[in-house]
Amino acid sequence: MVPVSYYLILSAILFSLGALGVLMRRNALVIFMSIELMLNAANLAFVAFTRVHETFSGQIFVFFVMAVAAAEVAVGLALIVTIYRSRQSVDIDQLSSLKG
Amino acid sequence: MSLELILFFILAAIAIATAIGMLLSRSAVYAALYLVVNFVSVAIFYLLLDAPFIALSQIAVYAGAIMVLFLFVIMLIGLENLAGELNWRQLAWPLVMGAILLVEGVFLVIQRVGQDVYIGQTGTQLSDPSLMAKVLFTDYVLPFQITAVLLLVAMIGAIVLSKREKPALSNQGKEA
């Protein structure tokens, strides 16, 4: 018997850790992994709510989030490889050519 | 303290520890492997929550496909060593912001949950994938098909982005 608020608090902790990763790491790949961590935290909250409300909508949304995450990773990693090819680096501090 | 609660706390400790390990690891490969363990522990949470289909697709899609893609790119680029990347003086603001986000999130959860629902009793129909498929292919059939288009667009985008420019240009020169 686990209270649903425990799952939600765990989800909040994992989401915060993901956001912290986006803020503190400088490597584009690790930032990407942190984004995946945040998506996962949201999925955990979805599934917990599914269990509470006894409806399938939450699980189906998790399914869609996974599809979007897969698409995002495919495009994002292609972008990172392309950036690395032209700059020889994926350090986001050095990618400042769009800065006004 | 029930068995399920003990299991929850052990898994939560693993999930949080691997997330922190990912944030602090100096090697991108270790970060990816920490993330795999995190995904697997979240998948076991899904099993606890009566969602076996989601749990297995979590392992297949996240821990399988997505992390293999990550590891592949890490090996392609050669980012095994990120030593000296973490600068503790620059970390003060991110840590403060992360702490504020965490406090806000936990506060909102505690404030809004009101009467807490206890989950863990089995006997619902939620764990049946065929019932989930019925909902997915009736109520959510349009979003499902849009997902297919999204994946196609992502695939084309990835191919276009990772294609090298020079051979295409020389081919055009030959044709002209």
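The structure is a predicted model.

The contact between the chains draws on 57 residues of chain A and 70 residues of chain B. On the side of chain A that touches chain B, at least two residues each come from β1 (2-3), α1 (4-24), α2 (28-53) and α3 (57-87). Of these, α3(A) contributes the most, with 20 residues. Sorted by class, this side of chain A comprises 45 nonpolar, eight polar and four charged residues.

The largest nonpolar core of the model holds 65 residues. The members with the most contacts inside this core are found in both chains: A:Leu14, A:Leu29, A:Met33, A:Leu44 and A:Val47, together with B:Leu35 and B:Tyr46. The largest share, 13 residues, belongs to α2(A). Within chain B, domain 1 (1-86) and domain 2 (129-176) both supply residues to the core, so the core lies between them.

Leaving aside residues up to four places away in sequence, A:Val47 touches A:Gly58, A:Gln59 and A:Val62 in its own chain, and B:Tyr46, B:Leu49, B:Ala51 and B:Ile54 in chain B.

The axes of α2(B) and α3(B) lie 8 Å apart, and the packing angle is about 175 degrees. Because angles over 145 degrees count as roughly antiparallel, α2(B) is roughly antiparallel to α3(B). Residues on the α2(B) side of this contact include B:Leu35, B:Phe39 and B:Tyr46, and those on the α3(B) side include B:Ile54, B:Tyr62, B:Phe70 and B:Ile74. The contact of α2(B) with α3(B) consists of 21 nonpolar residues and one polar residue, with no charged residue.

A second pair joins the two chains. Here α2(A) packs against α3(B) at an angle of about 175 degrees, with the axes 12 Å apart. These two helices are therefore also roughly antiparallel to each other. From α2(A), the contact is made by A:Leu29, A:Met33, A:Glu36 and A:Val47; from α3(B), it is made by B:Ile54, B:Ile66, B:Phe70, B:Val73 and B:Ile74. By class, the contact of α2(A) with α3(B) contains eight nonpolar residues and one charged residue, with no polar residue.

Definitions and conventions. Residues are numbered from 1 along each chain as its sequence is written. Chains are lettered from A and ligands numbered from 1 in the order in which they are written. This is a predicted model: local features need pLDDT of at least 70, side-chain atom pairs count only at pLDDT 80 or more; totals for chains, interfaces and linings use all residues. Two residues are in contact if their C-beta atoms, placed from the backbone, lie within 7 Å. Helices (H or I, at least four residues) and strands (E, at least two) are DSSP runs, numbered from the N terminus. Ala, Val, Leu, Ile, Met, Phe, Trp, Tyr, Cys and Pro count as nonpolar, Asp, Glu, Lys and Arg as charged, and the others, Gly among them, as polar. A nonpolar core is a set of buried Ala, Val, Leu, Ile, Met, Phe, Trp, Tyr and Cys residues joined through C-beta atoms within 7 Å. A residue is buried if 20 or more other C-beta atoms lie within 10 Å of its own, exposed if 12 or fewer, and partly exposed in between; C-beta atoms are placed from the backbone. Domain bounds come from an automatic or database domain assignment. Axes are lines fitted to C-alpha atoms, for helices over the stretch in contact, and angles run from 0 to 180 degrees between N-to-C directions. Angles under 35 degrees count as roughly parallel, over 145 as roughly antiparallel, 65 to 115 as roughly perpendicular and the rest as oblique.
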